[in-house]
2 protein chains.
Amino acid sequence: MAQKKTYCDCLNTVKPVRDALDVINGKWKLPIIISVGVGNDRFTDIQESIPGITPKVLAKELKDLEQHKLIKRTVLDEYPVKISYTLEKYANTLTPIIYSLKDWGINHKKKVTEQ
Amino acid sequence: MAQKKTYCDCLNTVKPVRDALDVINGKWKLPIIISVGVGNDRFTDIQESIPGITPKVLAKELKDLEQHKLIKRTVLDEYPVKISYTLEKYANTLTPIIYSLKDWGINHKKKVTEQ
């Protein structure tokens, strides 16, 4: 009997998923988004809230997140000039996804460790 | 003026998200889940539906996905013995997340390329 073979546009379906994952992947992007999201708006505060991140890496990741339109960098006209980081409204579109992943991750850990 | 510093349990929030991402990350896991999901239940059919995957890698990834309780491997009592792969019901819990990521990825591509 011939095997039925189902055409699968797998790689095309996966492409946009991959685009999304590229944004939230990596060690630091999510911690930074969360840190800025809870109110840390200064470079030093963000850095101190994320154990292990170096200023160089944080600067690079912030720039990346700015390019992804997730984080807004504002130069405050004060003396001395201050830089403030806040989440773009657009970043809220990521929130439900992050929480779905979080819930799934918690549940999955139980699932794979249960007998 | 002292800077307000917001405590952020960033790394703890990120941990289960990371656990979830570990499952769907990598080049092949999602294509395999999608391929099996659309009905490819034989090793060769899955392999042919995913351009570029080698039998060795597919075998390893299928074993991983079995351990994650996402894919079920069944030995069919026929002559010759056949192996069938199907999605576990549990894999459905991933579906809404994958589609959210897909929609977000499509939208994000527009967002970052628009002026």
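Tutor: Angles under 35 degrees count as roughly parallel, over 145 as roughly antiparallel, 65 to 115 as roughly perpendicular and the rest as oblique. Axes are lines fitted to C-alpha atoms, for helices over the stretch in contact, and angles run from 0 to 180 degrees between N-to-C directions. Helices (H or I, at least four residues) and strands (E, at least two) are DSSP runs, numbered from the N terminus. This is a predicted model, in which local features need pLDDT of at least 70 and side-chain atom pairs count only at pLDDT 80 or more, while totals for chains, interfaces and linings use all residues. Residues are numbered from 1 along each chain as its sequence is written, chains are lettered from A in the order in which they are written, and side-chain values use heavy atoms, with hydrogens and water left out.

Student: What is the mean pLDDT of chain A?

Tutor: pLDDT is the predictor's confidence in each residue, from 0 to 100. Chain A averages 87, and 90% of its residues score at least 70. Within chain A, confidence is lowest in helix α1 (residues 10-24), with a mean of 81, and highest in helix α4 (residues 55-67), at 96.

Student: At what angle do the axes of α2(B) and α4(B) cross?

Tutor: Two packed helices are described by the angle between their axes and the distance between the axes. In chain B, the axes of helix α2 (residues 29-37) and helix α4 (residues 55-67) cross at roughly 80° and come within 10 Å. α2(B) and α4(B) are therefore roughly perpendicular to each other. Contact means heavy atoms within 4.5 Å. Here Lys29(B), Ile32(B) and Ile33(B) of α2(B) make the contact with Leu58(B), Glu61(B), Leu62(B), Asp64(B) and Leu65(B) of α4(B).

Student: How do the residues of that contact divide by class?

Tutor: Ala, Val, Leu, Ile, Met, Phe, Trp, Tyr, Cys and Pro count as nonpolar, Asp, Glu, Lys and Arg as charged, and the others, Gly among them, as polar. The contact of α2(B) with α4(B) has five nonpolar, no polar and three charged residues.

Student: How are the two copies related?

Tutor: Two copies of a chain are related by a rotation about an axis and a shift along it. Copies are superposed by least squares on the C-alpha atoms of residues with pLDDT of at least 70 in both. Chain B is superposed on chain A by a rotation of 180° with 0.0 Å of shift along its axis (RMSD 0.0 Å). The two copies are thus related as by a two-fold rotation axis. The C-alpha of Ile97(B) is the nearest to the axis in chain B, at 3.5 Å. The copies meet through the same surface, because 100% of the interface residues of chain B are also interface residues in chain A.

Student: Which residues of α5(A) and α5(B) meet?

Tutor: Helix α5 (residues 95-113) of chain A and helix α5 (residues 95-113) of chain B pack with axes 10 Å apart, at an angle of about 155°. That makes α5(A) roughly antiparallel to α5(B). Ile97(A), Ser100(A), Leu101(A) and Trp104(A) meet Ile97(B), Ser100(B), Leu101(B) and Trp104(B).

Student: Which backbone features deserve a look?

Tutor: Most residues other than glycine have a negative phi, and most peptide bonds are trans. Lys69(A), which is not a glycine, has a positive phi of about 60°; Lys69(A) is in the loop between α4 and β1 of chain A. The peptide bond joining Tyr79(A) and Pro80(A) is cis, with omega about -5°. Pro80(A) is placed in the loop between β1 (71-76) and β2 (82-87) of chain A. In chain B, the bond from Tyr79(B) to Pro80(B) is cis, with omega near -5°.
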